[in-house]
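User: I'm new to this one and would like to learn how to read it. Can you walk me through it?

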Amino acid sequence: MTTMSRRRFGGLAAGLGVISATAGLEHAAMAAGPAKIVIIGGGPAGATVANRLKTADPDIEVTLIEPKETYTTCFYSNHYLGGFRTFQSITHTYDGVKKRGINVVRDFAVGVDTVAKTVTLANAAATLAYDRLVVAPGIDIKFDAIEGYSEAAAEIMPHAWQGGAQAWLLKKKLLTMTDGGVVIMTVPLNPYRCPPGPYERACMIGHFLKTVKPKSKLILFDAKSTISKQAVFEEAIGEYYKGIIELNLSNEIDDFSVARVDAKSGDVVTKAARTERAAVANIIPPQRAGVIAAKAGLMDGDWCPVNPDNFTSTKVKDVYVLGDAAIADDMPKSAFSAMSQAGVVAADIIADLSGRPRTAGTYRNTCWSMVSAANSAKIGADYKPGTKDGHRVLTAIDPFISAAGESDDKRRETFEESAAWYDSAVTEIFGTSITSAAAP
Ligand SMILES: Cc1cc2nc3c(=O)[nH]c(=O)nc-3n(C[C@H](O)[C@H](O)[C@H](O)COP(=O)(O)OP(=O)(O)OC[C@H]3O[C@@H](n4cnc5c(N)ncnc54)[C@H](O)[C@@H]3O)c2cc1C
């Protein structure tokens, strides 16, 4: 077995705070060369694991596989749609990651041999060997879930649920839409990436329409009957976007799940047989873990089961799955969650490779949503692994949520808190800080 370098072990233990500083270095396997950790996916989950490992021990060989040259965050892409941020301010290079001594391979992982412990890349003949593999590919869109929707249709009716070009396309369509047009959003059942994200987006598109295209409106069709931060969003729609946003939640009589779309005509048809013609359609389909997770045999249904103590795969040995691809029970699919999981994963890899006791992690999440200028609400909790019906599960403890009717000062404070979080998050993920957009 390959392990970490002996020389760095003490500093690493102190750095992660997971191993007693007085612990000896007598583990039998410590004599071998530096450990090789391969990470698939350079988003908040994968890049944060890479950073935590490399910070703890510069001698560990950390390879991060990511096909994109730059990463545009989905988080705060709604602020971009609303006109509160530029595209550049949510787009980050991997230069800062490389400066940390992380080997960033610009490629796409197409296969994993979990017996030989190697990863195959799309554009390289040689495979990458690993001691521990971290799989953090985020989501793929289930294009076959909605009749008429496809990758080609998404170029006309963007989902904008994976960062970058799709968010830019949706913004372009909003900017070029004739005033008086109808924007239609469709939202799937849980679980999906960022539970409150669609409603923050609705508010941000609502703000854009109110200020730039005042004769236009937004109709939202939702497959669910209840939604995240419901009181806050319903209040915001009533207060700021009356006559602009029409929110249709499903109920016992009407199922507002989208049944069919026609990218050519712009028609969106719900299961309740309501048809609307969109000038701009934002179709958010059901999702699943990135395809490499299926190729590596990590999936159960659409997502990857993990041990909530440390996010090791329950399917394949020496593999971790975290971020949106993992089944994290009560913990929502968010960048904040992914980064919290990343700290536990890095600590567990180090404990495992050095033969030290592995302790169950604890986790945290906060999701902020801006509902109008400098007016944000939040929801969050801590998460602890425990046993339920004989299975290890993650359960929320001490949950908190912004109330409807909060003062403007309180909402501005929450907005500023969220802007500060964005800066610190991208500094940790990409090693480059970005100046917050000024409070509007
Ligand atoms: C509109 C919107 C708003 C949001 N707002 C917030 C928010 O305010 N706060 C918050 O915390 N979260 C928010 N989120 C959620 C957040 O964006 C995701 O939860 C987060 O990006 C998940 O991180 P990840 O690393 O698991 O996946 P990703 O960010 O998707 O990163 C995965 C990376 O893996 C790469 N990849 C995929 N397959 C392969 C492969 N085979 N080989 C190599 N690389 C691969 C991809 O290119 C990608 O860069 C929002 C999401 C949306 C859509």
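Analyst: The C-alpha centres of domain 1 and domain 2 lie 33 Å apart. Domain 1 covers 9-138 + 290-360 and domain 2 covers 144-286, with bounds from an automatic or database domain assignment. This is a predicted model: local features need pLDDT of at least 70, side-chain atom pairs count only at pLDDT 80 or more, and totals for chains, interfaces and linings use all residues. Residues are numbered from 1 along each chain as its sequence is written, and side-chain values use heavy atoms, with hydrogens and water left out.

User: What is the area buried between domain 1 and domain 2?

Analyst: The size of an interface is often given as the accessible area lost when the parts come together. Here that's about 1,600 Å², and carbon and sulfur atoms give 62% of it (accessible area with a 1.4 Å probe, summed over both parts).

User: Which side chains meet in a salt bridge?

Analyst: A salt bridge puts a side-chain nitrogen of Lys or Arg within 4 Å of a carboxyl oxygen of Asp or Glu. The rule finds one across this interface: R193 with D324, at 2.5 Å, N to O.

User: Why does the span of helix α10 agree with what it should be?

Analyst: Helices are DSSP runs (H or I, at least four residues), numbered from the N terminus. The expected span is 1.5 Å times one less than the number of residues. Helix α10 (residues 408-430) has 23 residues, so it should span 33 Å, and its end C-alpha atoms are 33 Å apart. Just after α10, G431 takes a positive phi of about 75°.

Methods: Buried area = accessible area lost by both parts, 1.4 Å probe. Helix = DSSP H or I, 4+ residues; strand = E, 2+ residues; numbered from the N terminus.
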